[in-house]
Amino acid sequence: MTQRPFLFTIVGTFVAVLGLVLSGSSLGYAAPAPGPRLNPPMGWSSWSSLRGNVNATAIKAQALAMHNNLQKYGYEYVNIDSGWFSGVDEYGRTTWDANKFPDGIASVAEYVHSLGLRFGIYLVPGISAKALAENPIIKGTRYHVRDIADITLPGNTINDSSVAIDYTKPGAVAYVQSQADLLASWGVDYIKMDFVGPGGGRIPADNRDDIRHWHQAIVNTGRFMHLELSNSLSFDDASVWQRYSNGWRIDGDIECYKHCPGLTNFKVRVSLRFTDVPKWVPFAGPGHWNDLDSIMVGNGPANGLTPDERQTMLTLWSIESAPLLLGTDLTKLDAFDLTLLTNPEVIAVDQSGHPALPVSQATKQQVWFANNHDGSYIVALFNLADTPATVKATWSQMGISGPVTARNLWTRTDLGRQSRSYSARLAPHASQLLRVTTHQS
């Protein structure tokens, strides 16, 4: 069992809808309750579809589309990624681009909240080149930004001319606290901290102290703000990420940018997650989850994935209880994709918080499973090959005493009694998702 991070000692509970979902009942919308969110976040992030072309009008349009089409299924976060900021304020804190957000970020957050949704923002650790050059006073102190700077070390892994914060210097902790306080005052519910090291990026950097201090600063604000780390975080430091954050990207970007015609590519980008996530499974749990990056389902062929590949992507993310943050344009939802994104039985698998492990990864025909600890198991069958193949799930290999009763969660149909195993002929990159319930023979 993994240690529950002390950030979440505040009383909180899972969304109390899983019983309805598992029985096939529809989900009714209710405004999200305040306080910690212990289940994997669901929502949308701007980067994949908008890149840096974010502005108040675009974000509000996405929020309204989520409210109209997805909110009642549990999607609630509207997150602005990179592109929202321009320079620093009088205390050296990142501030918004007034051309894109003429009324400020708080007004956008207020609109999002008015729909019963939650609002997220994007930052990178360290001291920006702009803050260093202007050298303003740190709010509430007599120290200036340069007093806390370590110019010999990079501030993050992106190589953006930022420098590290020296936390042995007076004023360093106050600087981080002033930024957390500012975000809280805007009504931020989610912070994506990008280019965190050790991990991916262009240059080596160590931001472990930054994350520890951001964690405490968030606690000190009195406002729960989900802290998500990106990207390709170091596995050697998994216990640090688990203790001081709510989630961490295990790989690089899901987008393939100019390397493919759509937003992503199955063989290069999606399949990598199958290889990399198993070792991270022991670190996932209530309030801290393995992040597989944005879901590229929503815009049909523009996703860059076939219909089977879209279902497989959602199957993997769901059995891993990964965040379900959509990267597609919510104002252009494809009808078929919408049926995938709103399948309540699949959403329930994600939200139940039981990450799955593979029986074996010796071939491209794989079976993954998770014990729900209620007499039922989630079993996923994957054909990761480029040609059709049969995938067989044998219950004894998963520690399941057969026979079982099986249900196909994607088609929402009962498959009846399955004595010792279950087999399915799957198209290339296709999948099935089952709930199997044990019973005495």
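A residue counts as buried when its relative accessible area is under 20%. Keep that cut-off at hand for these exercises, which explore a predicted model.

**Exercise 1: the disulfide**

Find how many disulfides the structure holds, which cysteines form them, and whether those cysteines are buried or exposed.

*Step 1.* Searching the whole structure turns up 1 disulfide.

*Step 2.* Its partners are C256 and C260, with an S to S distance of 1.6 Å.

*Step 3.* Now apply the cut-off. C260 has a relative accessible area of 13%, so C260 is buried. C256 is buried too, because its relative accessibility is 3%.

**Exercise 2: strand β1 and its partners**

Work out which way the residues of β1 point, and which strands pair with β1.

*Step 1.* Begin with a general idea: in a regular strand, side chains alternate between the two faces of the sheet.

*Step 2.* Look at residues 42–45, which make up β1. M42 and W44 point one way, while G43 and S45 point the other way. All four of these residues are buried.

*Step 3.* Turn to the partners. β1 runs parallel to β2 (residues 77–79), and 3 bridges join the two. Within this pairing, S45 has N79 as its bridge partner.

*Step 4.* β1 is also joined by 3 bridges to β12 (residues 324–326), again in parallel. Here W44 stands opposite L326.

**Exercise 3: a residue in β12**

Describe the surroundings of L324.

*Step 1.* Check its accessibility. L324 has a relative accessible area of 2%, so L324 is buried.

*Step 2.* List its contacts, setting aside neighbours within four places in sequence. Among them are P41, M42 and G43, along with Y75, I295 and W317.

*Step 3.* Take Y75 as an example. Y75 and L324 lie 249 residues apart along the chain, yet 8.1 Å separates their C-alpha atoms.

**Exercise 4: two helices**

Decide how α9 and α10 are arranged, and which residues meet between them.

*Step 1.* Two packed helices are described by the angle and the distance between their axes.

*Step 2.* The axes of α9 (residues 266–276) and α10 (residues 307–319) come within 10 Å and cross at roughly 25 degrees. Because angles under 35 degrees count as roughly parallel, α9 is roughly parallel to α10.

*Step 3.* From α9 come F266, V270, R273 and F274, and from α10 come E309, T312, M313, L316 and W317.

Definitions and conventions:
Residues are numbered from 1 along each chain as its sequence is written. This is a predicted model: local features need pLDDT of at least 70, side-chain atom pairs count only at pLDDT 80 or more; totals for chains, interfaces and linings use all residues. Side-chain values use heavy atoms; hydrogens and water are left out. Buried means under 20% relative accessible area, exposed over 50%, partly exposed in between (1.4 Å probe, protein chains only). Helices (H or I, at least four residues) and strands (E, at least two) are DSSP runs, numbered from the N terminus. Two strands pair if DSSP finds at least two bridges between them. A disulfide is a pair of cysteine sulfur atoms within 2.5 Å. Axes are lines fitted to C-alpha atoms, for helices over the stretch in contact, and angles run from 0 to 180 degrees between N-to-C directions. Angles under 35 degrees count as roughly parallel, over 145 as roughly antiparallel, 65 to 115 as roughly perpendicular and the rest as oblique. Contact means heavy atoms within 4.5 Å.
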